[in-house]
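Good morning. Please look at the sequence and the structure while I describe the fold.

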Amino acid sequence: MSESQENEAVTEHRYGSIAIIGRPNAGKSTLLNRLLGQKVAITSDKPQTTRNRIVGIYTEDQMQVALVDTPGIHFAKTRINRAMVALAVNSLEDVDGVCFVVDAVRAVEQWPTDGSPISRALEHLALVVDKAQNKPICIALNKIDKLPRNALLPLMAGLGQRLPGAEIMPISALKGRGIDTLLNHWRAVLPVGPPMWPADQIMDASERFLVAELIREKVFRCTHQEVPYSTAVEIEQFTEEPREDGIPFVEIYARILVERNQQKGIIIGKQGSMLKRIGTAARKDIARLLGAKVHLNLHVAVAEKWTESQRFLNTLGIE
Ligand SMILES: Nc1nc2c(ncn2[C@@H]2O[C@H](COP(=O)(O)OP(=O)(O)OP(=O)(O)O)[C@@H](O)[C@H]2O)c(=O)[nH]1
Ligand SMILES: [Mg+2]
């Protein structure tokens, strides 16, 4: 091979898809947003925030990566949670690589005392990752900003012993540390191929979906116990009008579904205070997302046992 041919080979464009998987609350969605430099996936300090498969598209000159954020994998009992886990596990099938996100702080807290290299919870995940053995796997050891220095090496050793083929990278999705190491890994392992998405496209979801998600995020952040898990958001109407000043006006009607009357009371709050708090926070985010003036009309309805209903899970794209 001549020198010029060699240079050409080095700069060949790469394209591939990566499934971001891990336990609930590991920081998968935070990592996706960090990689894209933009919020496309909602996040919260509560587990099981993400319910759908969310594709974000990372583009640079010589590489494009379709990053597939997934719900956290856990020992699921309810229908909705089983569907979420199935969705995450199945997403491993049609990707080119896997990014296994581990909450390092949690992993240290749950350090096994019986001599196993990793905790039982992580073993559950490792079994899933095993299925993707023929694909490049990286382990993003996340939240190292909160980890004592001396805790990192034993953790890396344990994970390395359990998943010897994987590359382990300490990162902080929140603070943006180690992100380039991840990108470098993909620059090296993704298949050579042309980009599949327009360079300015950052996600595959509709605006309606994202708007519903941003409302749901505020519910997750403002309410507690079972309430966030009994909540879904449906967009009923979404109209956009151009305005003379160039900033469009968007009117949105959305319905917050809960499973019981008592939960409806909690979401509405005293004299509507909670619904107002959720609405104000959501409207700000939606306005930023759409680059528009937004009028958001929220109301709350009870749909008994929707989390066990195939029809609802279908409409929400979970099952
Ligand atoms: N300190 C610290 N916190 C982080 C980091 N990454 C994520 N978090 C926090 O961890 C919590 C969970 O983050 P998410 O991104 O929602 O986690 P997830 O893995 O998508 O969770 P599910 O969708 O529920 O499976 C949030 O409160 C984040 O702010 C990190 O690098 N450092
Ligand atoms: Mg998530």
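The chain has 11 helices and nine strands, taken as DSSP runs numbered from the N terminus: helices are H or I with at least four residues, strands are E with at least two. The model is predicted, so to speak of local features requires pLDDT of at least 70, and side-chain atom pairs count only at pLDDT 80 or more, while totals for chains, interfaces and linings use all residues. Residues are numbered from 1 along each chain as its sequence is written, and chains are lettered from A and ligands numbered from 1 in the order in which they are written.

Let us turn to the sheet. Six strands form an open sheet with mixed pairing, in the order β2-β3-β1-β4-β5-β6; two strands pair if DSSP finds at least two bridges between them. At the edges, β2 (54–60) and β6 (167–170) each pair on one side only. Strands β4 (residues 97–103) and β5 (residues 137–142) run parallel and are joined by six bridges. Within this pair, Val102 stands opposite Leu141 of β5.

Next, the helices. Helix α8 (residues 207–222) and helix α10 (residues 273–290) have axes that come within 9 Å and cross at roughly 140 degrees. Such axes are lines fitted to C-alpha atoms, for helices over the stretch in contact, with angles from 0 to 180 degrees between N-to-C directions. The contact includes Leu210 and Leu214 of α8 and Ile278 and Ala281 of α10; residues are in contact if their C-beta atoms, placed from the backbone, lie within 7 Å.

Finally, the C-alpha trace of the chain spans about 70 × 55 × 35 Å along its principal axes.

Methods: Contact = placed C-beta atoms within 7 Å.
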